[in-house]
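The following exercises are to be worked with the sequence and the model at hand. Each task is followed by a stepwise solution.

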Amino acid sequence: MSEETHKKEHDEKHLEKLTIKELREIAADIPHENAIHDMKKEELVAFIKEARGIKNEAPVKKKKHIGKIKMTKPELKAKIREFKALRLQALEAKESDRATWCRRQISQLKKKSRRLVAA
């Protein structure tokens, strides 16, 4: 009997790691009124936990990794203006490779500035 309780605890902790097919098999054993096959994974996990009487723990949120931003917003804006000028020069000189490179640099700097504002 201790093996059964140990197995049950093991299953309770790892419901989120099971596949949808495995969750549906477990939910099929539980008497229900709703259609199991229409449920999403989160709904199935919640349904199984509710049926087993497991407290629904707060989901662990993954922290976003925010890289180090070395420049300030005005510095980033100045760099963007520089690359825009270089891009215009490259377009006038019909250097498409250099213009593309400048455009990508501008895009990356804009993303960095958005991250800086969000942080």
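A residue is buried under 20% relative accessible area, exposed over 50% and partly exposed in between (1.4 Å probe, protein chains only). The model is predicted: local features need pLDDT of at least 70, side-chain atom pairs count only at pLDDT 80 or more, and totals for chains, interfaces and linings use all residues. Residues are numbered from 1 along each chain as its sequence is written, and side-chain values use heavy atoms, with hydrogens and water left out.

**Exercise 1.** Determine which residues of helix 2 are buried and which helix they pack against.

*Solution.* Helices are DSSP runs (H or I, at least four residues), numbered from the N terminus. Step 1: in helix 2 (residues 20-28), L23, I26 and A27 are buried. Step 2: these residues cover an arc of only 95° around the axis, so they lie on the same side of helix 2; the arc is that of the directions from the helix axis to the C-beta atoms. Step 3: the face turned away from the buried side carries the exposed residues K21 and E25. Step 4: the buried residues pack against helix 3 (41-52), where contact means heavy atoms within 4.5 Å.

**Exercise 2.** Classify the aromatic pair of F83 and W101.

*Solution.* Step 1: rings of Phe, Tyr and Trp (its six-membered ring) pair if their centres lie within 6.5 Å; planes under 30 degrees apart count as stacked, over 60 as edge-to-face and the rest as tilted. Step 2: the structure holds one aromatic pair. With 5.6 Å centre to centre and 75° between the planes, F83 and W101 are edge-to-face. Step 3: F83 lies in helix 4 (residues 73-92) and W101 in helix 5 (residues 96-118), so the pair ties together parts that are 18 residues apart in sequence. Step 4: F83 is buried at 12% relative accessibility, whereas W101 is partly exposed at 45%.

Terms used:
Helices (H or I, at least four residues) and strands (E, at least two) are DSSP runs, numbered from the N terminus.
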